[in-house]
Amino acid sequence: MTRMTVRSAVILVLALLAQPVHAGSPPEPNGYRLDDYKAPTPATLAGATVLDTGRAEALWKTREAIFVDVLPHPPKPAELPAGTVWRDSPHETIAGAVWLPEVGRGALAAPTEEYFKRSLAELSQGRHEQALVFFCKKDCWMSWNAAKRALSYGYGRIYWYGDGVDGWKAAGLAMEVAKPRP
């Protein structure tokens with residue numbers, strides 16, 4: 001190799017190393033995402049381990065982690081005429097997951113935050129080292145927000161599965177209908 005060729009190769013390697021692993025992903029914000037939750041998410045979450053479907057399945061098979069679905073629960077429409085029967089749409093999630101709706105919003109009302117803290121404490125039996133996997137749907141900031149918030153509560157083994165139920169279902173993995181945790 002000539003001197004110029006070696007220099008060009010070094011520059012190319014350095015440029016490739018400087019590229020983020022998931023070019024095109026938005027950067028992590030300093031705080032929580034407050035709106036437009038259905039949008040591309042960062043490839044990372046500081047303090048958490050990011051899972052792809054294969055790694056999520058491997059962790060699911062060990063049963064050492066609690067899988068937490070944070071998809072919102074659609075409320076009963078206020079404008080329904082009196083006496084109208086309301087039936088929730090079935091919510092399919094990862095088999096064995098716990099559904100904690102609404103806890104992934106960027107700003108939580110005090111009762112919702114208390115519900116989230118209480119639920120995590122009960123599910124983990126007060127052990128902050130309990131592995132917790134947060135998910136929603138693909139490109140949904142709610143699971144990212146919830147995982148970040150769990151880190152702020154002092155939980156140390158946080159996993160974020162960004163492809164969520166969409167990735168799980170596409171892989172043909174076990175799903176079940178869930179009800180929100182009271």
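Analyst: A polar atom of the Gln130 side chain sits 2.8 Å from the backbone oxygen of Glu64. The Gln130 side chain also makes a polar contact with the side chain of Arg127, at 2.9 Å. (A polar contact here is a pair of N or O atoms within 3.5 Å; within protein, one must be able to donate a hydrogen and the other to accept it, and residues adjacent in sequence count only if both atoms are side-chain atoms.)

Before going on, the ground rules: this is a predicted model, where local features need pLDDT of at least 70 and side-chain atom pairs count only at pLDDT 80 or more, while totals for chains, interfaces and linings use all residues. Residues are numbered from 1 along each chain as its sequence is written, and side-chain values use heavy atoms, with hydrogens and water left out.

Back to Gln130, which is in the loop between α3 and β5. (Helices, H or I of at least four residues, and strands, E of at least two, are DSSP runs numbered from the N terminus.) Gln130 counts as buried because its relative accessibility is 9%; buried means under 20% relative accessible area, exposed over 50%, partly exposed in between, with a 1.4 Å probe and protein chains only. Setting aside neighbours within four places in sequence, Gln130 is in contact with Glu64, Ala65, Ile66, Ser124 and Arg157, contact being heavy atoms within 4.5 Å.

Now for α3, residues 110-123. Its buried residues are Tyr115, Phe116, Ser119, Leu120 and Leu123. Seen down the axis of α3, these fall within an arc of 125°, so they line one face of the helix; the arc is that of the directions from the helix axis to the C-beta atoms. Just after α3, Gln125 has a positive phi of about 55°.

The other helix to look at is α2, residues 53-62, with Thr53, Ala56, Leu59 and Trp60 buried. These cover an arc of only 130° around the axis, which puts them on the same side of α2. They pack against β2, β3 (91-94), β5, β6 (158-161) and α5 (164-170). Just after α2, Arg63 takes a positive phi of about 65°.

Terms used:
Expected span 1.5 Å × (residues − 1).
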